[in-house]
Amino acid sequence: MRWFWIDRFDEFVRNRHAVAVKNVSLAEEHLHDHFPGAALMPNSLIVEGMAQTAGLLVADAIDYNRRVVLAKVAGAEFYFDAVPGDTIRFRAEILDLKPAGSFTKVSSTVDERLQGEAELFFAHLEPGEGVPKLFEPDELLKWLDQMHIYDIGRDESGQPLQRPDW
Amino acid sequence: MPSRDEIFEKVKTALIDALGVDDDEVTPGATMVGDLGAESIDFLDIVFRLEKSFGIKIPRGELFPEDVLSSTEFVSNGKVNAAGLAALKARMPFYDLTKFEQNPSVQNFPNMLTVEDMVRYVQSKVGH
């Protein structure tokens, strides 16, 4: 089992930005105790959704040839709670990308109201730099398909992304 | 060319944003690791912010010379040797290595970097 904190991508422009959607539902077990009678989506898990949105954008930008690991959350702020029934839209933007790491900014909105924002840093690690293999290629590809990246993704010149042949 | 004070103010903003420290903690003499709590990933964060703020490019290893500090050529028994000190001075003339030379243990290097060193580093970059 993996943690999936985004349901699909609506926009994905290589090297630039991505928009992903997360539908918050009372069917999610973690909301049952958080809190009984007043369920709300934990902002820590919203950060996970932000990181998955930005992390896949970064991983695509470097051809998935390094392990992209969330290294630091800087300046995260939240303005109200997301609750069951809400659709959260994450918008991630790559601010800078280097071989060793990347700097992204991600916002979360509900009904076009700014719910939260954070700066996320990712380390790009080579195999052997202390992080186990994160995905088998076919497993990763299934996730990317599920996220509709190759249905809606575009490169910087507007051409559709090519689904990799792993 | 910006003045030293202008550079200090922008470096200070970058450090406040990157490290979540208070305004009054960022003094010229404050050490990056000991006083401000910087960890290794924070140096990457600081590089991104300084590049953006000053419009400069910071090559890997220039602000924090991890390649020298992990080289068997430049480190013997956990201490930077004479060749390593020469390499550090040549690479980073903006750092004051006087204190470090007294006990050039690799683990002491991050502890000796100060805010003023960051300011001098940026001065060396914007001055060219």
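Colleague: What makes β1(A) and β2(A) a pair?

Modeller: Five bridges join β1(A) to β2(A), and the two run antiparallel. Two strands pair if DSSP finds at least two bridges between them. Five bridges meet that requirement, so the strands count as paired. One place to look is Phe12(A), which stands opposite Ala18(A) in β2(A). The two strands form a hairpin with three residues between them. In that turn Asn15(A) has a positive phi of about 70 degrees.

Colleague: What is the basis of the model and its numbering?

Modeller: This is a predicted model: local features need pLDDT of at least 70, side-chain atom pairs count only at pLDDT 80 or more, and totals for chains, interfaces and linings use all residues. Residues are numbered from 1 along each chain as its sequence is written, while chains are lettered from A and ligands numbered from 1 in the order in which they are written. Strands (E, at least two residues) and helices (H or I, at least four) are DSSP runs, numbered from the N terminus.

Colleague: How do you know which strands stand at the edges of the sheet?

Modeller: Start with the order. Six strands of chain A form an open sheet, β1-β2-β4-β5-β6-β3, with antiparallel pairing. β1 (8-13) and β3 (67-78) each have a single partner strand, so one side of each is left without a neighbour in the sheet. Neighbouring strands are turned by 20 degrees against each other on average, direction ignored.

Colleague: Which bridges hold the rest of that order?

Modeller: Seven bridges join β2 (17-23) to β4 (87-97) of chain A. There, Val19(A) stands opposite Arg91(A). Nine bridges join β4(A) to β5 (101-110). Leu97(A) has Ser102(A) as its bridge partner in β5(A), and a hairpin of three residues joins β4(A) to β5(A). Nine bridges also join β3(A) to β6 (113-125), where Lys72(A) has Phe121(A) as its bridge partner.

Colleague: What makes a residue of chain A part of the side that touches chain B?

Modeller: A contact. Two residues are in contact if their C-beta atoms, placed from the backbone, lie within 7 Å. Ten residues of chain A are in contact with seven of chain B. β3, β5 and β6 of chain A each supply at least two residues of that side. β3(A) gives the most, with four. The chain A side divides into six nonpolar, two polar and two charged residues. Ala, Val, Leu, Ile, Met, Phe, Trp, Tyr, Cys and Pro count as nonpolar, Asp, Glu, Lys and Arg as charged, and the others, Gly among them, as polar.

Colleague: Why are α1(B) and α7(B) called oblique?

Modeller: α1(B) and α7(B) (115-126) pack at an angle of about 120 degrees, with axes 9 Å apart. Axes are lines fitted to C-alpha atoms, for helices over the stretch in contact, and angles run from 0 to 180 degrees between N-to-C directions. Under 35 degrees counts as roughly parallel, over 145 as roughly antiparallel, 65 to 115 as roughly perpendicular, and the rest as oblique. α1(B) and α7(B) are therefore oblique to each other. Residues making the contact include Phe8(B) of α1(B) and Val119(B) of α7(B). By class, the contact has eight nonpolar, one polar and one charged.

Colleague: Why does α1(B) count as oblique to α2(B)?

Modeller: Their axes come within 9 Å and cross at roughly 140 degrees. That value makes α1(B) oblique to α2(B).

Colleague: Why is Tyr64(A) called partly exposed?

Modeller: A residue is buried if 20 or more other C-beta atoms, placed from the backbone, lie within 10 Å of its own, exposed if 12 or fewer, and partly exposed in between. Tyr64(A) has 19 C-beta neighbours inside 10 Å, so it counts as partly exposed. Tyr64(A) lies in the loop between α1 and β3 of chain A, with phi near 55 degrees, a positive value in a residue other than glycine.
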